[in-house]
Amino acid sequence: MIVSVANNQSDNMTLVRKLASKTSRCFARNVYKATEIQKLGKRRSPRSSLSTVSSVTSTSEHSIVVKEVGESAEMEHAVESLRSALHLLKDASNKSCPWVDARNLLDETAAALDDAGLALRSKSANSEQQSESYVLKLADKVVHNRRRLLGGSFVHDVDGVWTKSVYGDCNGISFGTDDDEFCRIPVEEKEEKALIVYASQTGTSKTSANNLCKSLGGDAHCVVRNMKSVGIKDLAMHKRVYIICSTSGLGRPPRDGETFYSNVQLNAMRCKENLEDLSIGDEENEKPLAGTSIAIATLGSSALEDFAKFGLDLTEELVTLGAAIALDTITIDGKNGKTEQKQMFQQWESRIIEMEKERLMER
């Protein structure tokens, strides 16, 4: 009896945590959306050309007209939300704009699609086909552009109104989600070879990654991969991961690293939410990068305001996913030229070599 009560209390606490998490996310989404609308207010597209049904009619038809006017307003609101989302997606892919956090991008676009879903679900038989087609066209564009930016990540809330409007009252749909991406790899199954990942803007990071590989003994002891071709599961498959990356303008990752970084940000959010259902003692061991250590060298120029921002932020996200820090992230400044930058990298490289030697001696 006591065990049964304890189990019920545990189940109740789990439900409370889930509800609190979902409420928090909804609140954060609304705050973010309000902020974005304020930012984008001056450059929003003109008011939608969707027509509003006239309210001049007979008394007996008054209730129908009110409903149709409401439907038109919902359609118009959906169009505005979708246009706002498309503006944000455009900024997110623009190298001259600051990096848009993938979690905010997901929330803003999901909210816009839900507005579209609500408008479509509330339409009546008298609704204008042209209005419905335009909303569907904009929504499809949002989904396509978002998927292009976020890669194969889960990119839709499981309770999304848009999903239910288009695909029925199911539990949600995932666009290219790999469920194994979030699974922890046992330490005994991880690769002994070190994984070296690079994200390069001008080629310096790639050259540095290849040099590190040679210093560690070549292909027999390590694997070199471009960041655009790796996912979180690839990192989880290795005990040791060394990342060499540059920072593009305004703190953005290089093009090669954008999809990977978006996936990392989204999965870091997912990790925090899923682990709320675990006891505190289990959390660290259940994270997807548990048992993987990382060392990151981030290149850039201190002449820029967001010097090495990508590498520093990436470190925090990977730690959230359970990675251990083998070496503190080093910032390699190229402000004073390639020669000094190369010397700084070689110092970091020497520390990596020493760690690898110590590991071999312990085996």
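Biologist: Before we start, what should I keep in mind about the model and its numbering?

Modeller: Residues are numbered from 1 along each chain as its sequence is written, and side-chain values use heavy atoms, leaving out hydrogens and water. The model is predicted, so local features need pLDDT of at least 70 and side-chain atom pairs count only at pLDDT 80 or more, while totals for chains, interfaces and linings use all residues.

Biologist: Happy with that! How many helices and strands does the chain have?

Modeller: There are eleven helices and six strands.

Biologist: What makes Arg103 buried or exposed?

Modeller: Buried means under 20% relative accessible area, exposed over 50%, and partly exposed in between, with a 1.4 Å probe and protein chains only. Arg103 has a relative accessible area of 17%, so it is buried. Its place is in helix H3. Not counting residues up to four places away in sequence, Arg103 touches Gln265, Leu266, Ala268, Met269 and Glu317, where contact means heavy atoms within 4.5 Å.

Biologist: And how do you know which class Ala308 falls into?

Modeller: Ala308 is at 0% relative accessibility and therefore counts as buried. This residue lies in the loop between S4 and helix H10 (309-320). For the chain as a whole, 45% of the 363 residues count as buried.

Biologist: Why is strand S3 called largely enclosed?

Modeller: Seven of the seven residues of S3 (residues 240-246) are buried, so the strand is largely enclosed by the rest of the structure. Both faces are covered: Arg240, Tyr242, Ile244 and Ser246 are buried on one side, and Val241, Ile243 and Cys245 on the other.

Biologist: What makes S3 a partner of S1 and of S4?

Modeller: Two strands pair if DSSP finds at least two bridges between them. Strand S1 (residues 194-199) pairs with S3 in the parallel sense over five bridges, with Tyr198 opposite Ile244. Seven bridges join S3 to strand S4 (residues 293-300), again running parallel, and here Val241 stands opposite Ile294.

Biologist: Which hand does their crossing have?

Modeller: The crossing of H3 and H4 is left-handed: the near helix is turned anticlockwise from the far one by less than a right angle, whereas clockwise would be right-handed. By class, their contact has 14 nonpolar, one polar and two charged residues. Ala, Val, Leu, Ile, Met, Phe, Trp, Tyr, Cys and Pro count as nonpolar, Asp, Glu, Lys and Arg as charged, and the others, Gly among them, as polar.

Biologist: What about the packing of H6 with H11?

Modeller: H6 (residues 204-215) and H11 (residues 338-362) pack at about 35°, with axes 11 Å apart. Their crossing is right-handed. Residues in the contact include Leu212 of H6 and Trp348 of H11, and the classes are five nonpolar, five polar and two charged.

Conventions. Helices (H or I, at least four residues) and strands (E, at least two) are DSSP runs, numbered from the N terminus. Axes are lines fitted to C-alpha atoms, for helices over the stretch in contact, and angles run from 0 to 180 degrees between N-to-C directions.
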